[in-house]
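Please open the structure in your viewer and keep the selection tool at hand.

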Amino acid sequence: MSTVLPPPGAPDDSPFRRVDEERVIVDADETLGHFAEWLEVTPQRLRNLNKLKPRRQIQAGQKLRLDFSKVSPEEFQQRRL
């Protein structure tokens with residue numbers, strides 16, 4: 001498992017860091033569109049992975065499953081920061 005930095009402004013012990021190789025905890029002001037852009041996938045792909053209903057917004061603190069098929073976890077985190 002790789003070590004990845006927490007998002008900006010998150011202290012070292014913040015829960016807003018990588019949970020495992022497939023999931024993150026959503027930080028304030030992050031949207032499904034942000035994650036899709038950083039991962040180079042469609043928002044619909046992330047909706048399907050997370051079984052989210054259309055137009056349902058993600059919330060800070062929510063665990064979100066990600067698709068690293070086009071971008072590595074390290075590249076994703078660089079873009080996220």
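Is Pro73 buried or exposed? The model is a predicted one. Select Pro73: its relative accessibility is 12%, and it counts as buried because that value is under the 20% limit. Pro73 sits in helix α3, which covers residues 73-80. Pro73 and Glu22 are 51 residues apart in sequence, yet their C-alpha atoms are 8.5 Å apart in space.

Next, select Glu30. This residue belongs to the loop that links β1 (23-25) to α1 (32-39). With a relative accessible area of 11%, Glu30 is buried. To see what is around Glu30, leave aside residues up to four places away in sequence and show Ile25, Phe35, Trp38, Ile58 and Arg80, which Glu30 touches. Then show Asp27 and draw a distance from its backbone nitrogen to the side chain of Glu30: the value is 2.7 Å.

For the last stop, select Lys51. Lys51 is in the loop that runs between α2 (43-50) and β2 (63-65). Why does Lys51 count as exposed? Its relative accessible area is 76%, and the label applies because exposed means over 50%. Lys51 and Arg65 are 14 residues apart along the chain, and their C-alpha atoms are separated by 9.8 Å.

Definitions and conventions. Residues numbered from 1 in each chain as written. Predicted model: local features only at pLDDT ≥ 70, side-chain atom pairs only at ≥ 80, totals over all residues. Heavy atoms only, no water. Helix = DSSP H or I, 4+ residues; strand = E, 2+ residues; numbered from the N terminus. Buried < 20%, exposed > 50% of the residue type's maximum accessible area, 1.4 Å probe, protein only. Polar contact = N/O pair within 3.5 Å; in protein donor to acceptor, adjacent residues only side chain to side chain. Contact = heavy atoms within 4.5 Å.
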